[in-house]
Amino acid sequence: TYDLHPRTLPEYESILTKSLAGGRLDVSPLFGYFRSEFGRLNQALHIWPYEDLQQRMSIREEVMSLDSWPPPSGDLLAGQNTEIYFPAPFNDESITGDHGPYYELRTYIYGTGEIPKVIDAWSSAIDERRKLSTFVGAWFTELGTLNKWTHLWAYSSLEERDRVRAETIERGIWPPKGAPVPRVQESQLFLPFPFSPLS
């Protein structure tokens with residue numbers, strides 16, 4: 001996640017469009033690239049999948065040899081944060097295409113040792129929940145802040161989001177029964193950049 005200086009988003013988008021087209025995506029795939037719309041503003045969120053940490057290191061070394069990477073956006077950045085996540089076992093890692101344009105990123109922090117209980121509860125409920133709106137994925141932290149559970153949902157409109165959330169509660173579909181109660185919850189709404197595989 002990159003924090004951009006206010007009013008620099010158009011310039012950032014222009015730089016990234018050129019840099020990504022310069023060969024970066026030939027080295028490894030991009031899962032999604034978004035800009036914040038609600039919550040903390042002026043953020044760019046980009047998600048890159050890797051088989052393991054060794055592959056991540058190898059790819060990062062390889063892309064440093066590209067003339068177009070890293071993108072020359074340093075002057076636009078107020079801060080940077082990287083977190084490494086493992087995917088939930090019920091994720092559909094092949095998901096791509098047009099599911100938005102609104103993507104809600106929800107981040108929960110649980111008590112120590114509770115993530116396996118969250119996975120168990122979600123595993124029983126996620127198939128019914130994903131019938132109502134696009135479930136992009138859920139992940140838990142391996143490095144960085146521990147016991148963090150992040151999940152991403154796509155909606156065609158804010159009205160759809162409100163309707164779906166109300167329906168899941170009314171029908172008792174969601175939140176998953178038996179799941180631990182998070183200690184902290186946070187939600188942000190993102191819109192995809194034009195070059196995002198998830199749009």
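Good morning. I shall begin with a hairpin: strands β2 and β3 form it, with 4 residues between them, and G39 in the turn has a positive phi of about 95 degrees. Please keep in mind throughout that this is a predicted model.

Is β3 mostly covered or mostly open? It is mostly covered, with 4 of its 5 residues buried.

I now turn to the sheet as a whole. In general, the strands of a sheet pair through backbone hydrogen bonds, either parallel or antiparallel. Here, 9 strands make up an open sheet with antiparallel pairing, and their order is β4-β1-β3-β2-β9-β6-β8-β7-β5. The edges are β4, residues 77–80, and β5, residues 84–87, each of which pairs on one side only. From one strand to the next, the twist averages 30 degrees.

Next, the helix α1, which covers residues 9–27. Its 19 residues reach 25 Å from the first C-alpha to the last, close to the 27 Å expected at 1.5 Å a residue. The helix has a kink of about 60 degrees, centred on A21. Which residues of α1 are buried? They are Y12, I15, L16, S19, L20, G23 and R24. These buried residues pack against strands β1, β2, β3 and β4, and also against helix α2, residues 53–63.

Finally, the nonpolar cores. The largest has 20 residues, and F90, W122 and W149 touch the most other members. Helix α3, residues 115–129, and strands β7 and β8 each supply at least two residues of this core. The greatest contribution comes from α3, with 6 residues. Leaving aside residues up to four places away in sequence, F90 touches I119, W122, S123, I126, R130, F135, A138 and W149. Apart from this core lies another, of 17 residues, including Y2, I15, W69 and F193.

Thank you for your attention.

Key
Residues numbered from 1 in each chain as written. Predicted model: local features only at pLDDT ≥ 70, side-chain atom pairs only at ≥ 80, totals over all residues. Heavy atoms only, no water. Pairing = 2+ DSSP bridges. Axes fitted to C-alpha atoms, helices over the stretch in contact; angles between N-to-C directions. Expected span 1.5 Å × (residues − 1). Bend = angle between axes of the 7 residues up to and from the residue. Buried < 20%, exposed > 50% of the residue type's maximum accessible area, 1.4 Å probe, protein only. Contact = heavy atoms within 4.5 Å. Core = buried A, V, L, I, M, F, W, Y, C linked by side-chain atoms within 4.5 Å.
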